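Visitor: I am new to this structure. Please take one part of it and go through that part closely.

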Amino acid sequence: MAGYICKRVVAALLTILLVATITFLVMNTIPGSPFLDENTSVEQMELMVKKYGLDQPLYVQLKNYLVGYLHGDMGTSLKMQKGTPVADIIFHQGKFTLSIEVGLLALLVTVVIGIPLGCIAAYNRGKWIDNLLNVFCTVGIAVPNFVVASLMLALFAIGLNWLPAVSGSLENTRAFIMPVCALSLYYACYVAKLTRTSMLDAINQDYIRTARAKGLKTGKVVFKHALRNSLIPVVTYLGPLTAGLLCGGFVIETTFAIPGLGRYFVSSIIDRDYPVIMATTIVLSTLVILMNLVVDIIYKIIDPRINLTSKEG
């Protein structure tokens, strides 16, 4: 296990380096400048370009970025909060914290609702409750989350006045309800359908027939024996999903005016704020890679027959 984890860590570092390089090269091919403004003269723009080293060759700029990251320096914002360290913007101004809070709650709702609904549908295969859940999950997957968010705003905030229309910095519990529900609906429905499919496949396996032949009740067979083996596809999906949720859904954050990392990332792309783009991309990539490693370890817990050391890093 230790050798496998070491190989994955090395592969993760190389992957992050590749992602950072590709991101840097792509964002520098886009025409325009982060200092392009109607109030900025040509002389001022040239001074700013020279100040931040953007007049140097691309390979020199890339080297400076990567060396800075090795020393914990993510650079400074060029446009959105000019002169402010990017690390402070992401980690100390609460943007990443807000995204983590919303993302973790959305993940919790996804797991708590999605997996049980999938089990119930599989347990009642072909019955009315299975058909009802299938319709509900299909609608939940088909409707985009910005439509769900808009409908919730119109109904619960404007129509019934039960919940705050603008969540802002999420200072109270009620402010979390609509963003979390709108963000998690699609994923909960998808996890439910994925769990149902995996459960039905597991139910038809020989070991399930053997358990039934021994006289075990259907509920125990389904929820104890079949569920454990059917969770592997679900865990595979939840790995990268967790990383995405933790970095925030920019549509949801924009709809509810939440100043999280996802919304800030989109704004940085529009403003061509290079250091912010690089930092948010690397943070997201690191989370995805980390969650994939966690998923592989969870595989071993769910099914001890899996031998991680035999996999290629």
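Guide: Start with Cys189, which is buried because its relative accessible area is 1%, below the 20% limit for that label. The model is a predicted one. Cys189 takes part in no disulfide, and the nearest cysteine sulfur, which belongs to Cys137, lies 4.5 Å away. In general, a disulfide is a covalent bond that joins the sulfur atoms of two cysteines. Across the structure the number of disulfides is zero. Another cysteine, Cys119, is also counted as buried, at 2% relative accessibility.

From here, turn to helix H5, which covers residues 95–123 and includes Thr110. Thr110 is buried, with a relative accessible area of 0%. Leaving aside residues up to four places away in sequence, Thr110 touches Ile115, Ser184, Tyr187, Ala188, Val191, Leu238 and Leu241. Contact here stands for heavy atoms within 4.5 Å.

Helix H5 also contains Val112. Val112 is classed as exposed because its relative accessible area, 52%, is over the 50% limit. On the surface, Val112 belongs to a nonpolar patch with Leu105, Leu108 and Ile113, and together these residues have about 340 Å² of accessible area.

Conventions. Residues are numbered from 1 along each chain as its sequence is written. This is a predicted model: local features need pLDDT of at least 70, side-chain atom pairs count only at pLDDT 80 or more; totals for chains, interfaces and linings use all residues. Side-chain values use heavy atoms; hydrogens and water are left out. Helices (H or I, at least four residues) and strands (E, at least two) are DSSP runs, numbered from the N terminus. Buried means under 20% relative accessible area, exposed over 50%, partly exposed in between (1.4 Å probe, protein chains only). A disulfide is a pair of cysteine sulfur atoms within 2.5 Å. Patches are made of residues with over 30% relative accessible area and no salt bridge: like charges are joined within 9 Å, nonpolar side chains (Val, Leu, Ile, Met, Phe, Trp, Tyr) within 5 Å. Accessible areas come from the Shrake-Rupley method with a 1.4 Å probe; for residues, only the protein chains shown count as cover. A salt bridge is a side-chain nitrogen of Lys or Arg within 4 Å of a carboxyl oxygen of Asp or Glu.
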